[in-house]
Amino acid sequence: MIRVGLGRDVHRLVEGRRFLLGGVAIPSDKGEMGHSDGDVLAHAVIDAFLGAAGLGDIGELFPPSDPKWRDADSMKLLKAAWDTVRDAGWRLSNLDCVVSAEKPKLLPYRGDIRVSLAQALGVPPGAIFVKGKTGEGLGSIGEGLAVEALAVCLLER
Ligand code: MG
């Protein structure tokens, strides 16, 4: 059986926060606001996995109302969500992602992000791809107010 999953997340960009993507801290004058550490890519990937497996969504597993998740390391949340999916018998065929942010350029960090996600999931980096896009100056992304991540995955069992 194969299953496709889709995840999306958006976080505001503010001064005084780290800009984290898939566990990689990217030098930037702004970072993601969030109840957790704000890693928008990790959050989108969690929802893609949970959706594909029909096992809920990030808000159900890690409710923002629960103080336990304040400033949580999103890569730990990702590992916990992936453990749940893997324990249900699923393995990852591939994961493809798009991150939209006006700046900084993400291409120099793509390799590190792929390796970081691959290590967290226990899969080869070749099973994961990440693309960076800008907002072409349009809307909240284009104005540098927000970062968006999309993730699609294929699971098999
Ligand atoms: Mg989020």
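The model is predicted, so local features need pLDDT of at least 70 and side-chain atom pairs count only at pLDDT 80 or more, while totals for chains, interfaces and linings use all residues. Residues are numbered from 1 along each chain as its sequence is written, and side-chain values use heavy atoms, with hydrogens and water left out.

Let us begin with the metal. The magnesium ion is coordinated by Asp9 (OD), His11 (NE2) and His43 (ND1), at 2.0 to 2.2 Å. Donors here are N, O and S atoms within 2.8 Å of the metal (3.2 Å for Na, K and Ca); water is not among the atoms, so sites may look incomplete. Along the sequence, the spacing of the donor residues reads D-x1-H-x31-H. Asp9 counts as buried, at 18% relative accessibility, and His11 is buried too, with a relative accessible area of 11%. Buried means under 20% relative accessible area, exposed means over 50%, and partly exposed lies in between (1.4 Å probe, protein chains only).

Now turn to the core. In soluble globular proteins, nonpolar side chains tend to be buried together. The largest nonpolar core in this model has 47 residues, and those with the most contacts inside it are Leu21, Leu41, Phe49, Leu92, Leu95, Leu121 and Leu155. Such a core is a set of buried Ala, Val, Leu, Ile, Met, Phe, Trp, Tyr and Cys residues joined through side-chain atoms within 4.5 Å. At least two residues of this core come from each of α1 (40–53), α3, β5, α4, β6 and β7 (146–156), and α1 gives the most, with 11 residues. Helices (H or I, at least four residues) and strands (E, at least two) are DSSP runs, numbered from the N terminus. For a look inside, pick Phe49: leaving aside residues up to four places away in sequence, Phe49 touches Leu78, Trp82, Val85, Leu92, Leu95, Leu121, Cys153 and Leu155. Contact means heavy atoms within 4.5 Å.

Next come the charged pairs. A search of the whole structure finds six salt bridges, each a side-chain nitrogen of Lys or Arg within 4 Å of a carboxyl oxygen of Asp or Glu. In one of them, Arg17 pairs with Asp71, and their closest N and O atoms are 3.9 Å apart. Arg17 lies in the loop between β1 (2–14) and β2 (20–21) and Asp71 in the loop between α2 (58–61) and α3 (74–87), so the pair ties together parts 54 residues apart in sequence. Another salt bridge joins Asp96 and Lys131 (2.5 Å, N to O). Asp96 is in strand β5 and Lys131 in strand β6 (residues 128–133), so this pair ties together parts 35 residues apart in sequence. Asp96 is partly exposed at 26% relative accessibility, and Lys131 is partly exposed at 29%.

Finally, visit the surface. Val4, Leu6 and Val152 make a nonpolar surface patch of about 290 Å². Patches are made of residues with over 30% relative accessible area and no salt bridge, with like charges joined within 9 Å and nonpolar side chains (Val, Leu, Ile, Met, Phe, Trp, Tyr) within 5 Å. Val152 lies in strand β7 and is partly exposed, with a relative accessible area of 33%.

Definitions and conventions
Areas by Shrake-Rupley, 256 points an atom, 1.4 Å probe, with all protein chains shown as cover.
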